[in-house]
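Okay, thanks for making time, everyone. Let me put the structure up and walk you through a few things I'd like you to look at.

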Amino acid sequence: MTRRENSEGGDEDRHFQPLMMASPTTSFKVGDVEKKEILSDEQVPEVRSSSQSSVDSVEEVTTMDELLEVTTAWRPYPLFIIFSMSFLWSLCALSAISPAFTASTEECVNATSENCTFWTVQNEFRLPTTWILQPGELTTSVYFLGNLLIGQMFAVVADRFGRRPIVIASLLFTGVAGTLGAFAPSFSLFLVARFVQGSCYTPLTTVNYVLSAESIPNRSHSITSIFFGLSWVAGYCFLAPMSVWFNTWRSLQFATAIPNIIFALFLMFTLPESLAYSIEKNDRKAVGRWIERNETLSCRRIAHNLDLIMEKDRQTATEGLTVVQTLKTIMANAEISRRMYLETLLWIFTFMTYCALSLTSTNVGNSDPLVSFVFSGAVELPAYLFIPILLKWSPRIPTRCVCHLTGALSLIAMYYLSPESTWHLPIWLLAKFCAACCYIFCFIYAAELFPTFCRSCCIGVCSTSCNIGAIVAPHIFVVDSVMPGGQFLVLAVVGVACAVLSCLQPETKV
């Protein structure tokens with residue numbers, strides 16, 4: 001006899017199935033005798049409505065998609081998952097962008113002098129600077145080199161061992177490595193710490209996003225992604241006051257690393273595995289706990305059949321191609337391969353421009369370093385809101401080209417503007433805004449560009465390759481030693497090249 005047929009036995013069935021309701025009665029007295037009368041259904045609509053008010057659905061939930069639609073993204077438990085996972089983007093922003101202060105190109109003679117507000121790694125280790133290389137810039141290059149070489153391995157392992165353990169382990173690794181780096185006795189050991197931190201960048205920006213997406217309905221993905229963007233901007237901007245409170249590279253490195261360890265310990269006791277992954281791995285206990293916690297925090301019961309949920313969705317999860325089969329199919333399809341190659345180049349050039357502008361945000365003309373840095377982070381906020389809304393009505397390719405060309409024109413104007421000009425900072429912010437728009441556009445367009453069966457694989461290639469741009473970005477400033485302001489011309493040429501490459505891609509808006 002199946003569990004569904006044996007609905008009268010077992011505590012688990014009584015917990016999950018709707019409770020049987022006795023027929024309602026009313027009592028009255030005739031003389032000294034109390035009598036009870038059974039009321040009909042029509043006489044007690046209020047009673048039935050009240051008894052069912054704490055049940056989320058009258059129909060029994062039998063699939064994962066139905067379960068996510070019933071729980072939505074706005075109940076306490078899904079919201080906790082969204083907020084906790086998006087907060088990791090703030091922590092990543094602190095570690096990824098910190099070289100704008102810890103390894104700034106501004107010269108500082110003495111940490112106590114009036115003209116010096118921050119003691120950098122160059123000052124402490126007396127790093128020699130040549131016309132072709134500034135060693136301090138390696139703190140950024142090595143960070144993204146770690147992500148390029150190791151970061152994607154964490155993402156692959158997450159498909160085998162789960163999203164939750166990889167996210168928590170990555171938080172611990174980046175926190176411990178960053179903390180040890182703050183006490184590094186040499187610059188080379190500090191670079192080792194940065195390499196380890198960078199290797200955790202992908203799991204803390206991608207795997208956590210996947211965990212969140214697999215715990216909410218599909219229709220909520222675009223809206224909840226805004227929380228991740230806002231979290232990145234918050235971490236980016238918060239780095240400015242932190243550089244005032246912790247005005248040496250060691251103290252700032254420690255202050256940006258230790259929250260990772262604290263938050264990892266917190267998530268050990270609170271973060272669940274993603275619902276989709278638990279079902280795919282046939283982990284009934286994890287799925288049951290996920291539903292029970294959702295019911296407890298929202299104070300609403302969910303009528304569901306756990307057997308059918310596990311059975312149907314596991315059958316769906318096992319369908320599809322393996323990784324090797326997917327790669328062979330992509331290589332055999334000339335059109336998909338062409339799209340992937342072009343999009344990979346666009347991601348590399350776009351991320352290079354974004355990182356180059358972010359790293360110079362503390363040295364924009366004669367502006368106050370902290371003011372320009374905060375503005376450079378805040379200007380990304382409209383980009384996260386502007387592009388998703390604009391793309392609801394506008395075609396993809398023309399919009400992408402306009403963003404790249406506007407950024408290129410802004411950078412050309414920067415080359416001719418004097419640093420003392422009042423227009424210097426506003427034009428630079430326009431260029432940064434366009435760079436942020438183009439970077440966000442990469443994710444939105446790539447999700448539409450590739451077929452479903454190879455979408456994750458193709459986007460993975462693009463996101464991995466874009467680290468090449470981040471590695472090159474800090475060294476573009478070498479051009480300034482030959483031609484002052486030449487970095488802006490280089491980035492402008494890159495922007496024009498991106499606009500041309502965009503025109504070679506197909507339009508995806510129907």
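**A partly exposed isoleucine**

Start with Ile 389: its relative accessible area is 45%, so it counts as partly exposed, since that class runs between the 20% and 50% cut-offs. Keep in mind that what you're looking at is a predicted model.

So where does Ile 389 sit? You'll find it in helix 19.

Okay, zooming out to the whole chain. We've got 24 helices and two strands. There are 510 residues, and 51% of them count as buried. The chain exposes about 24400 Å², with carbon and sulfur atoms supplying 65% of that. On contacts: take the ones between residues at least 6 apart in sequence, and 79% of those join residues at least 24 apart.

Most residues other than glycine have a negative phi. Now click on Cys 299: not a glycine, yet its phi is positive, about 55 degrees. Where is Cys 299? In the loop that runs between helix 14 (284-298) and helix 15 (306-318). And is Cys 299 buried or exposed? Exposed, because its relative accessible area is 62% and the cut-off is over 50%.

That's my tour; over to you.

How values were computed:
Residues numbered from 1 in each chain as written. Predicted model: local features only at pLDDT ≥ 70, side-chain atom pairs only at ≥ 80, totals over all residues. Heavy atoms only, no water. Helix = DSSP H or I, 4+ residues; strand = E, 2+ residues; numbered from the N terminus. Buried < 20%, exposed > 50% of the residue type's maximum accessible area, 1.4 Å probe, protein only. Contact = heavy atoms within 4.5 Å. Areas by Shrake-Rupley, 256 points an atom, 1.4 Å probe, with all protein chains shown as cover.
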